[in-house]
Amino acid sequence: MSEIDPITLAVLAGRMEQIADEMDATLFRAAFNPIIAEAHDASHGIYDARTGDTLVQGKSGLPIFVGVMAAAVKAVINRAAASGGPQDGDVWIFNDAHIGGTHLSDMRLVRPYFHEGKLFCYLASVGHWHDLGGAVPGNYNPAATEVFQEAVVIPPVRLVRGGVFQNDILDIILRNTRLPASARGDLNGQLGALDLGVKRMDALLDEYGSPTVAGALTALTDRAETLMRAEIASLPQGRWEAEDFLDNDGISDVPLPIRVAFEVTGDRLVLDFTGTAPVTRGPVNIALPTTIATAYVAIKHIFPSLPANAGVMRPIDIHIPEGSLLSAEFPAPTGGYTETILRMIDVIFSAAAQAAPDRVVANAYGTINALSIAGRRPDGSRWVMFSFYGGGHGGSADSDGLNHGNAPISTATIPPAEILEAAYPVMFRQWALRPDSAGAGAHRGGLGAVYEIELLEENAEAFLFGERGRFAPKGVADGGEAAMNRFAYEQDDGWHEPPLTSKLVGMTLSKGQRVRLETPGGGGYGPPGDRPPEAIARDVALGYLTPEAATQAYGPDWQEVPA
């Protein structure tokens, strides 16, 4: 067909992004669990019928899902090919993280989309379900040594076969969750989102025709590659390295290095993770699809104007050493993938900052602090409060870091205290910014947060999967480190901290006892000596810095600023 004119291409790009956005919105409004409904831990997109590559993703979904959902769709393409091919009306479901990336909590639904009897593309939905069995309510088990201790593992299977719902598949899933009503509600929301996607694609293709829309998708992917090559070519040529550490794997109290070399040659980029720790017994491993997707997320932060499709990754080579925790194979546990990919992003930023400091922010707080508190209500029903928590983002060449933001792997939001208190027998006694937690710099990092949660039920268990308890978020361009993560829990004899600092399993709470999270801030950008005294004095006046910490980090000159 002839080349699509720029106006038509822009209109079609907007229409397809809108389809994915509407699918996101449909699930957010229909989901039962707050991690999807309030935090928006989900994503939808349109994927290539032959390769499974990402063509379009919604703007409200998590960026990490751009890459991993491509792997999920490829897995379905392969399974379908081995069982007679895809049928119109099929919906596949699975959560196997070694095939589809991330972790077992993320339930993936993949639907082939047919137009006029021909397969045109795939539509896919992924959402973080509240509980899928396993040893720990909420599925973040920091002591898991194999995937079976994290959740039930569901390979790609047809939930809907040619338009006919397979109730036996649903029965198996609901029998393996502590919260079947929540799971059923989230599933219905995802199915509804896919139904909407089919309707919107029908309208689009009926209006423009399959050849024109297919041509637009190809053009958009090729354009993304061209833009990526131009961005890479604008960087200095060379090789830069960075290293950081995970606190431990939840089993052995040994730091785990994450290393990267950032190498630019012409219009190609190599990310080489040689030197990264090998596969661990504990659940900080990640599967290869997750690693590829994380590299995309980091690159998208460095080059934010790039579109969200597979063309971006064509000029990028990713080298993962054999046996690395970044390419773990089944049945290695992967439940804490969030902590590892955040450290991956940190080292990519730290290496890229040596080449182009104006394009990169300092390290963010670097942990989602996955906290689960679970128990039974007086009527015997189970409750599981799983949530993640915010911290400070890194300073940049343009500004101070964001106070109390969410992790840079996502566009998710932190569930509001009012929602969590309404849904579960807890009370937030404190939800505040954490003074003195930001890394010092010409542009300081953002502040972390303090959360103190009191149990209102007679008893419950608490589980924590965090990081940054022993290795602080780093600054760039001579900026300072931020405060480290701190977790404490109350018992009859007072307050305690976990032996592994950032990970804890099965700690019992009684009514009135509390847990307390003090999350890291973000690293600073630029030398602290370059920060204007007026900005330091303002931070002190706002309570962001104590006078003592301000003087220690920046010297005494700020005290001369008139009040």
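At the start of helix 1, a side-chain oxygen of Asp5 comes to within 3.1 Å of the backbone nitrogen of Ile7. The model is predicted: local features need pLDDT of at least 70, side-chain atom pairs count only at pLDDT 80 or more, and totals for chains, interfaces and linings use all residues. Numbering runs from 1 along each chain as its sequence is written, and side-chain values use heavy atoms, with hydrogens and water left out. The protein has 12 helices and 20 strands. These are DSSP runs, numbered from the N terminus: H or I of at least four residues for helices, E of at least two for strands.

**Overall build**

- A compact globule of 563 residues would have a radius of gyration near 24 Å, and the protein agrees, because its own value is 24 Å. The radius is taken over C-alpha atoms, and the globule rule is 2.2 Å times the number of residues to the power 0.38.
- Along the principal axes, the C-alpha atoms fill a box of roughly 75 × 65 × 45 Å.
- Of the 563 residues, 60% are buried. Buried means under 20% relative accessible area, exposed means over 50%, and partly exposed lies in between (1.4 Å probe, protein chains only).
- The accessible surface is about 20500 Å², with 52% of it on carbon and sulfur atoms. Areas come from the Shrake-Rupley method with a 1.4 Å probe; for residues, only the protein chains shown count as cover.
- Take the contacts between residues at least 6 apart in sequence: 72% of them join residues at least 24 apart. A contact means heavy atoms within 4.5 Å.

**Helix 1**

- Helix 1 covers residues 6-30, 25 residues in total. From first C-alpha to last it reaches 36 Å, close to the expected 36 Å. The expected span is 1.5 Å times one less than the number of residues.
- Its buried residues are Leu9, Leu12, Ala13, Met16, Ile19, Ala20, Asp21, Met23, Asp24, Leu27 and Phe28.
- An α-helix has 3.6 residues a turn, so residues three or four places apart point the same way.
- The buried residues of helix 1 pack against helix 2 (34-37), helix 6 (180-208) and helix 7 (210-233), and against strand 1 (42-48), strand 2 (54-57) and strand 5 (118-128).
- Thr26 also sits in helix 1. It is partly exposed, at 25% relative accessibility.
- Beyond four places in sequence, Thr26 touches Gly192, Ala193 and Leu196. The C-alpha atoms of Thr26 and Gln190 are separated by 8.1 Å, though the two are 164 residues apart along the chain.

**Helix 9**

- Helix 9 (residues 337-355) has 19 residues. It spans 28 Å, close to the 27 Å expected.
- The helix is mostly covered, with 18 of its 19 residues buried.

**Salt bridges**

- The structure holds 36 salt bridges. The criterion is a side-chain nitrogen of Lys or Arg within 4 Å of a carboxyl oxygen of Asp or Glu.
- Glu225 and Arg314 meet at 2.9 Å, N to O. Glu225 lies in helix 7 and Arg314 in the loop between helix 8 (288-302) and strand 11 (316-319), so the bridge ties together parts 89 residues apart in sequence. Glu225 is buried at 18% relative accessible area, whereas Arg314 is partly exposed at 38%.
- Arg259 and Glu243 form a salt bridge, with the closest N and O atoms 2.2 Å apart. Arg259 is in strand 9 (residues 256-265) and Glu243 in strand 8 (residues 238-246), so the pair ties parts 16 residues apart. Arg259 is partly exposed at 32%, and Glu243 is partly exposed at 30%.
- Arg468 and Asp346 bridge at 2.7 Å, N to O. Arg468 is in the loop between strand 16 (459-465) and strand 17 (486-491), and Asp346 is in helix 9, 122 residues apart. Both Arg468 and Asp346 are buried.
- Salt bridges with shared partners join Arg429, Arg434, Glu452, Glu454, Arg486, Glu497, Arg514, Arg516 and Glu518 into one network.

**Asn248**

- Asn248 lies in the loop between strand 8 and strand 9. It is buried, with a relative accessible area of 0%.
- Its side chain reaches the backbone nitrogen of Gly250 at 3.1 Å. It also makes a polar contact with the side chain of Asp253, at 3.2 Å.
- A polar contact is a pair of N or O atoms within 3.5 Å; within protein, one must be able to donate a hydrogen and the other to accept it, and residues adjacent in sequence count only if both atoms are side-chain atoms.
- Leaving aside neighbours within four places in sequence, Asn248 is in contact with Asp253, Val254, Leu256, Val284, Glu467, Arg470, Leu500 and Lys503.
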